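The discussion below is to be read alongside the sequence and the coordinates.

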Amino acid sequence: MGGSPHGRNYDETPLIATWEVTQACDLECDHCRAEAQPDRDPDELTTEEGKQLIDQIAGFGHPSPVFVISGGDPLKRPDLFELIDYATDQGLPTAVTPAPTPLLDQEVLDTFADLGVKRIALSLDGATPEAHDEFRGEEGSFDLIMKRARMAKEAGLGIQINTTVTANTVEDLPEIADLVEEMGAAMWEVFFLVPIGRGEELAQLEPEETVEVMEWLYERQKGAPFRTITVEAPHYRVVADNLERETSGQGVTVGSTRAGKGFVFVSYEGDVYPSGFMPTKGGNVMEESLVDIYRDSDLFRMLRDSDTLTGSCGVCEHREICGGSRSRAYAVTENPMASDPLCPYVDELVSEPAPEV
């Protein structure tokens, strides 16, 4: 079944629906999935088409998905406030992921708060200005993020901090966690790199290292004022559960979504993907409803069916609660149902036969 710890059926309704409103951005981040450019693309959904998409997201019913306005940099769209206003009027809990550039000023943050934005997400990928600015490709980005986080809190906005884990950023995680706490963030989203876009050039962790990192993440968030979630690393569920059983004798469920199962991504052109990191589409929102694509397209139904998993993921005892990163499997093998190459259980199980599909 498609149940979740959030009380919704992921076969029917995603927890998160993200719209990449533009690929335009003034930054050149090392890990950029979108390979963002300075200028807007003329094929972006128009304002009216964007409102049609928002209607479709509201069409999932109650509880509605969290609507995330992403990019590129959403602030490069002059109609951003109009789109936010429309979304909140439809009752959608709305979050924005603005790029940390001078466009994100006090007036913008105050307007976000006035329009009912629940949370903004800021990216922090290094514990020092030198480390973060090098990763983001923009001098002064670290200081700007720290200032904007304070301004957002003063405006009454919730804050989420996003961090990308690579072989080069992993050593900074403890100090980044301290900064997340100091900033008063409600959530820390830790993304385990998928090698697509500019991220193909970055070094990933070894599979065994991910378990150590995830155990540390779980222990660090215990008692912390922020919640920790992982992205493209669903075996965090397994690691956290095993660790809790060892320490307290009882298991634990940590919230997590998977590509096409709890998460859906709409590109600037209206193409619908299971994830922003899996460039194989299930349809286009200008041709059919996002609700129908998510619930009924062959691609999305396959991704939610654990019986279609192959290799180690297909025979793993944890395939129902984990299932591996379908995005990373696709990036490395071009088969979205293959084993997640970042999973530490692959070597242990790879020689076992996969089920018939």
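The model is a predicted one.

Helix 2 spans residues 80–89, and its buried residues include Leu-80, Leu-83, Ile-84 and Ala-87. These four residues lie on the same side of helix 2, because the arc they cover around the axis is only 100°. The elements covering the buried residues of helix 2 include strand 1 (16–20), strand 2 (66–70) and strand 3 (94–96), together with helix 1 (47–58) and helix 3 (106–115). Just after helix 2, Gly-91 adopts a positive phi of about 85°.

In soluble globular proteins, nonpolar side chains tend to be buried together. Here the largest nonpolar core comprises 82 residues, and the most contacts inside this core are made by Leu-109, Phe-112, Ile-161, Trp-188, Phe-192 and Leu-290. Helix 5 (residues 141–154) supplies the largest share of this core, with six residues. A second, separate core has eight residues, among them Phe-135, Leu-193, Leu-202 and Val-231. Beyond its neighbours within four places in sequence, Phe-192 is in contact with residues including Val-165, Leu-205, Met-214, Leu-217, Val-231, Arg-328 and Leu-342.

What is the count of disulfides in this model? The count is zero. For Cys-322, the closest cysteine sulfur is that of Cys-343, at 5.8 Å, which is too far for a bond, given that a disulfide requires sulfur atoms within 2.5 Å. Cys-322 is buried, because its relative accessible area is 8%. Cys-25 likewise counts as buried, with a relative accessibility of 9%.

Terms used: Residues numbered from 1 in each chain as written. Predicted model: local features only at pLDDT ≥ 70, side-chain atom pairs only at ≥ 80, totals over all residues. Heavy atoms only, no water. Buried < 20%, exposed > 50% of the residue type's maximum accessible area, 1.4 Å probe, protein only. Helix = DSSP H or I, 4+ residues; strand = E, 2+ residues; numbered from the N terminus. Arc of directions from axis to C-beta. Contact = heavy atoms within 4.5 Å. Core = buried A, V, L, I, M, F, W, Y, C linked by side-chain atoms within 4.5 Å.
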